[in-house]
Structures are given as structure tokens and as C-alpha cells.
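Visitor: I am new to this structure, and I would like to know how its descriptions are reached. Could you take me through them one at a time?

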Amino acid sequence: METMRTPGGVIVIPARYASARYPGKPLAPVRGATGVAQPLIARTIAAAHAARRNLPLHVATDDLRIADAVRALGEAPVMTPESCANGTERVAAAIDALGIAPDYVINFQGDALLTPPDFVAALADRMEQHPDCAVATVAMRCSATVYTHLLADQAAGRSGGTTAVTDAAGRALYFSKRVLPFLAAPPQDADNPVLLHLGLYAYRPEALRRYRALPPSPAELAEGLEQLRFLHHGIPIDVIVLDAPGWDPIELNNPTDLAPIEATLATRGIA
């Protein structure tokens, strides 16, 4: 397929049905402020549009049930191979299937319906203002409640949120599903060094192509974190550290995350 140059950015939401932790998650009903339930993928699409309405949006999936749900919402699904090992590979496959070459691609996680719009704007601004940036992502300093939530997941053996560690230049040193760095005592919000990684990425198309051609790294396989492949192979990741919003942007990683997410939607008045 001939690649079409498309100036500007594009948003791709990777969504698969066969999640080990939460099978069928993109179609899981999530209640809003009025008590009406919508499938997770519908709420994620709405959150992505609210963040950057001017960017084209596609949902990358390998499941016809998800594709049908996306079409029913008036959006454009892109069918990608079942063999995609993670969301980044699925986003890369979607760009290939679409035959486009945008300036940058934003990976808006399919389970991150509480992502603050300002975070997406900051990521797009970084890619538009720094043409040398190959990959960028977003983190925020943990609030006391998010920090407690992460520790509770860790203590229960659940794979919850991801933390990031950066260098002096703001580039990623490591990501982990453990709460890093280790803290001997609970911190105050203002000086909490723990950075919650939200799984929101932007890539240059060339970085996506390189990623898809590279083998997984040992740490990537051990942690189950796709972004570690970039670091293992020497592709830097800029980490934009932002202030926490007025709510906890918890991702729907496990069924136990549903209640606090629905409570946040109710508090924010999102129907």
C-alpha cells in the first residue's frame, strides 16, 4: 500500500478483547453520573475527542465485536492482526493498514477514560514543538490516594498502575509495575517522588516502525510493559511530568478499578 503523507497528528486507540486481567474489557459497561452505562470503548472515545477534537481518531482492534461497537458510535475501526503483542504494536499496525504517515501518532489507551484533556494537549505540543523527539509520554506526581491505591494493588498481587523513573533531562530511566522508588515512609503530596505513568504515548512513525521490527526486551517481558522495548534498544522516551488534575485518573486495569472510576465520573458530572 502506498503511504500518504498526512501533516499533523492522529489519535489511535488500541483495543483488544482477550485481556488476561479483564476479558472483554472494551465492551464492559461503565456507569456515568446519571447511572446510565456505556461500554468502556465509548467512554474512551469521548475522552479522546474531548482532549484533541481536531485530530483524526481511529480504534485499532482485532475483534469484530469491538469493531461493530465502534461503528455503532460513528467512529472508524481499523482491523489489526491478532499477533500484535501489545498496544504499541497494534498502533503501528493500524498506521500501516491506514497507509498514512502523520507527523506524530498519539496512543490513547483504551482503558484510560479518565485521562485529563490537558495531558493530551501537552503531549501533542511536545511533538509539534520538538521535532527531534522520537517518543514522548506523560506522568504525574502521585496524590496520597493514588499512592495508597498503588500500594494496595501491589500488596494484593494485582497488576495496577505503572510508575516511572526519570533522569535529570526528563528522559525515562525505567518503568515498573512496582511502586518505584521505594519509600520508607508515606510522603506528602507536595514532595512525593513517585511518578504515576498514565500510558499515554506519542511517537514518530519511524519510531513505531523500528519498534515493530525489534525483538521484545527481557525487562519488557518480565514487567509486561511495552515501552521498555524502546529503552532497551536505545530509543529515548521524553517524560512530561504534569501536576495531578482534580481527580485520580485511574485506568480500568482490573474489575476492582470500576467502582472508583464510576465514582469519579459521578463526581465530575460526566453522564
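Guide: Let us begin with Y201 and Y203, which are both buried. This is a predicted model, in which local features need pLDDT of at least 70 and side-chain atom pairs count only at pLDDT 80 or more, while totals for chains, interfaces and linings use all residues. Residues are numbered from 1 along each chain as its sequence is written, and side-chain values use heavy atoms, with hydrogens and water left out.

Visitor: Why is the pair of Y201 and Y203 called stacked?

Guide: Rings of Phe, Tyr and Trp (its six-membered ring) pair if their centres lie within 6.5 Å, and planes under 30 degrees apart count as stacked, over 60 as edge-to-face and the rest as tilted. The ring centres of Y201 and Y203 are 5.9 Å apart and their planes stand at 15°, so the pair is stacked.

Visitor: What makes the pair of Y211 and F230 tilted?

Guide: Here the centres are 4.6 Å apart and the planes of Y211 and F230 lie at 40°, so this pair is tilted. Y211 belongs to helix α6 (residues 205-213) and F230 to helix α8 (residues 228-232), so the pair ties together parts that are 19 residues apart in sequence; helices (H or I, at least four residues) and strands (E, at least two) are DSSP runs, numbered from the N terminus. Y201, Y203, Y211 and F230 form one aromatic cluster.

Visitor: How do you know that T88 counts as buried?

Guide: Buried means under 20% relative accessible area, exposed over 50% and partly exposed in between (1.4 Å probe, protein chains only). T88 has 0% relative accessibility, and therefore counts as buried. T88 lies in helix α3 (residues 87-98).

Visitor: Which residues is T88 in contact with, leaving aside its neighbours within four places in sequence?

Guide: With contact meaning heavy atoms within 4.5 Å, T88 is in contact with N107, Y203, L208, Y211, E226 and F230, once those neighbours are left aside.

Visitor: What places R65 over the face of Y17?

Guide: A charge sits over a ring if NZ of Lys or CZ of Arg is within 6 Å of the ring centre and within 35 degrees of the ring normal. R65 lies over the face of Y17 at 3.6 Å from the ring centre, and R268 lies over the face of W247, at 3.6 Å from the ring centre.
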